[in-house]
Amino acid sequence: MNAEILLLEDDESLRRSISLKLFKENYKVYEAADIKTALALYQEYRMPLIICDINLPDGSGLDFCSRIRTDSSVFFLFLTALDTEADMIKGYEAGADDYVTKPFSLAVLVSKVNAMMKRHFVGPRETVIRSGSIELFSYENRVKKNGQYLTLTANEQKLLSYFMQNPMRILSKNQLLEAIWDIDGNFVDENTLAVNIRRLREKIEDDPSNPVFLKNVRGLGYIWERTCEKS
């Protein structure tokens, strides 16, 4: 198991504390105090998870996340003291999968890391699911729209897969939180699901304001309103 993590945090004391805790959980942690070092490490080792502060000495973690997102669906977890709703939404829009505000419990952080790694190391299945112009390649963990590959975050990929495996069914918020984040929502901000749904629509729908695939059912949840075929 290649349980490797990139930790980008400029506070040396906090970085060491997190690194030690994750080491005790049997993870290999690559530490960086600035974006330049982090980018070099990621390009060399391609870890499945990045834990990143937002305010860094040589730039913003949001920009670093956006740059990584141009060609990778790596899991991305932000650590930050910025805890307003607007700040969190900026993090999710940059491509983050989850968000932890300082000060935080190391136990909560580890629970999030374990959930992400659990999803990463689930064995691939050789299945292609097609729905209209959307094709989901489970084995490759890739998605095509009209024959062109899309760049999705890990959670967007997970959401799409769950919807396409359960078409024509209304899925509640709690069902989606349990399926995508592997927990009951205790550590997930209430905006997380809505932001991820909106980002996914922007990528798969021709007109996100008038979706034909992923629709909202007021008061009940969401539904993938197209049939799907597996091969």
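Me: What are the ground rules here?
Reply: It's a predicted model, so local features need pLDDT of at least 70 and side-chain atom pairs count only at pLDDT 80 or more, while totals for chains, interfaces and linings use all residues. Residues are numbered from 1 along each chain as its sequence is written, and side-chain values use heavy atoms, with hydrogens and water left out.

Me: Why are H6 and H8 called roughly perpendicular to each other?
Reply: Helix H6 (residues 154-165) and helix H8 (residues 192-204) pack at an angle of about 80°, with axes 10 Å apart. Angles of 65 to 115 degrees count as roughly perpendicular (under 35 is roughly parallel, over 145 roughly antiparallel, the rest oblique), so H6 and H8 get that label. The axes are lines fitted to C-alpha atoms, for helices over the stretch in contact, and angles run from 0 to 180 degrees between N-to-C directions. Helices themselves are DSSP runs (H or I, at least four residues), strands likewise (E, at least two), numbered from the N terminus.

Me: What makes the contact of H6 and H8?
Reply: On the H6 side, Asn155, Glu156, Leu159, Leu160 and Phe163; on the H8 side, Leu193, Asn196, Ile197, Arg199, Leu200, Lys203 and Ile204. Contact means heavy atoms within 4.5 Å. These residues divide into 7 nonpolar, 2 polar and 3 charged.

Me: What makes S2 and S7 stand at the edges of their sheet?
Reply: The open sheet of 5 strands runs S2-S1-S3-S6-S7, with parallel pairing. Strand S2 (28-32) and strand S7 (98-101) each have a single partner strand, so one side of each is left without a neighbour in the sheet. Helix H4 (residues 85-94) packs on this sheet, touching S6 and S7, and its direction makes about 145° with that of S7.

Me: How do you know that S3 and S6 pair?
Reply: Two strands pair if DSSP finds at least two bridges between them, and 5 bridges join strand S3 (residues 49-53) to strand S6 (residues 75-80), which run parallel. One of the bridges sets Cys52 against Phe78 in S6.

Me: And which way do S9 and S10 run, parallel or antiparallel?
Reply: Antiparallel: 4 bridges join strand S9 (residues 134-137) to strand S10 (residues 142-145), with Phe137 partnering Arg142 in S10. S10 also pairs with strand S11 (residues 148-149) in the antiparallel sense, over 2 bridges. In that hairpin, with 2 residues between the strands, Asn146 takes a positive phi near 55°.

Me: Why is the pair of Phe76 and Phe78 called tilted?
Reply: Rings of Phe, Tyr and Trp (its six-membered ring) pair if their centres lie within 6.5 Å; planes under 30 degrees apart are stacked, over 60 edge-to-face and the rest tilted. Here the centres are 5.3 Å apart and the planes at 55°, so the pair is tilted. Phe76 and Phe78 also join Phe64, Tyr92 and Tyr99 in a cluster linked by ring pairs.

Me: Is Phe76 buried or exposed, and what about Pro57?
Reply: Buried means under 20% relative accessible area, exposed over 50%, partly exposed in between (1.4 Å probe, protein chains only). Phe76 has 0%, so it's buried. Pro57, in the loop between strand S4 (55-56) and strand S5 (59-60), has 59% and is therefore exposed.

Terms used: Nonpolar A, V, L, I, M, F, W, Y, C, P; charged D, E, K, R; others polar.
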